[in-house]
Amino acid sequence: MSAASKAYLSEPTNRDLSMIPGDFGKPLIGQTFEFIDDNVKQMLGNYNKYGPVFRLSLAFQNIVATVGPEFVRQVTLDQDKVFSSQAGWEDMVGEFFQGSLIVQDFEEHRMQRKLMQTAFKAESLHGYIDHMNNLVQATLRDWQKNEPLFFYPAVKSLLLDIAAKVFLGAQLDNEGPRINKAFVDFANGATSIVKKNWPGFAYHRGLKGRKVLDQFIRQRIDQKRHGDGTDMFSHFCREKNESGEYYSDQEITDHILFLLFAAHDTTTSALTMAMHQLAAHPEWQAELRETIYALDAETPSFDHLGSNIPKLDYTFKETLRIYPPVPGVIRRTIQPCEIGGYEVPAHTLVATSISATHRLEEYWSNPNQFDPMRFSDSRREHKQNKFLWAPFGGGGHKCIGLHFADMLFKCLMFNLLKHHRVEFTRASQADAKILYVPFTRPKDDLPLLISPV
């Protein structure tokens, strides 16, 4: 895309939202703390008071917020090319994810997405499952020895090992502590509220962590490009653009960094919240275990995890309905447009709440209740609107790794539930405080008792 056609990126963001109903909240900080505390409650509160389109202020930004599947459709499909993902996300995460898919628009986004598609095709996913099973099963043997096991940090560490093996084709070994610290700092910096590169701030530590990871990846590109590895990194390094040239080291590094972040932290959140719900609902946990037994397979294959365990699929979908790891979609308008009957000026930030859409009473029966069977063929609540269940977004920017996330989630669930029972360490955990930022998880890091069945 030419510099002239991307001129919208240099325009200042419009802050005059007087045409939109709502309340910015407190001076300067707006409704930021309410959003951090419980974004679902905060967004639904505004929805009930002002309707599906309202204004608010979050993280020092004035935003047109929307709730409902039709707005998810309008913003993600973007048939008229009105909404810029790059302009929406760049001020928030641009320094961390420069060059990645999340900060690219239209034709540029389409071209870069092609680089990544080979690594996520079915035949490639088939090649990842053995690595996943081996790492999960080895880790479960250690988990049994810990009582209680703090599940959130434990699964976070496991998924970093899986990401290193599947994404990078590497064993971290002695590099593990250094890379793990860099990755944690990188993730915390990317999701920090205060975007200041000052010593002592998470944002500053995050940028330093990015440099460590950047160097770690770049040093291995040439070897991967001329090897025969089947990991995602190798696929990226061998891919060529439409001119028949390899993608640049910078492009490869930017995409790998974003994928590591997106796949690792979001799946950590999803698995943690699934375990929280299974511990709170032992009867459903038992049903899943019986379904897994019925397959008579010690280790799950790619086909097992695809469509042969419907109740496990319902669990995945219901977990992401209640706790979508990314609570919404952010864009900035390129030109004036209409949203829900309101004329919205060009260069205005627009946010669509996925988490609130997933809790709308007009679509979901008892929306705050964990009920995986709502996704069964006999009920199909999510089919009322194509964009009603949208934890992976939609349109051209729909998460390219959704099938990988699905497989990874089910792989761990299968291996864990087949031989283990998961229980809370105390009954009060069922009502534990849930943190929503930067990713959803119980405040106590979910201590669990994992015992043999």
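**Spaces and surface**

Tutor: Four cavities of 30 Å³ or more are held in the structure. It is a predicted model, where local features need pLDDT of at least 70, side-chain atom pairs count only at pLDDT 80 or more, and totals for chains, interfaces and linings use all residues. Residues are numbered from 1 along each chain as its sequence is written, and side-chain values use heavy atoms, with hydrogens and water left out.

Student: What makes a space a cavity?
Tutor: On a 1 Å grid over the protein atoms alone, a cavity is a set of points where a 1.4 Å probe fits but cannot get out; lining residues have an atom within 4 Å of a point. The largest cavity has about 80 Å³ of volume, the space filled by probe spheres set on the points.

Student: Which residues lie nearest the centre of the largest cavity?
Tutor: Of ten lining residues, those are Leu-160, Leu-168, Ile-179, Leu-213 and Leu-260.

Student: Why is Leu-28 called exposed?
Tutor: Exposed means over 50% relative accessible area, buried under 20%, and partly exposed in between (1.4 Å probe, protein chains only). Leu-28 has 66% relative accessibility, so Leu-28 counts as exposed.

Key: 1 Å grid on protein atoms, 1.4 Å probe; cavity = no way out; pocket = protein on both sides within 12 Å on 5 of 7 lines; lining within 4 Å.
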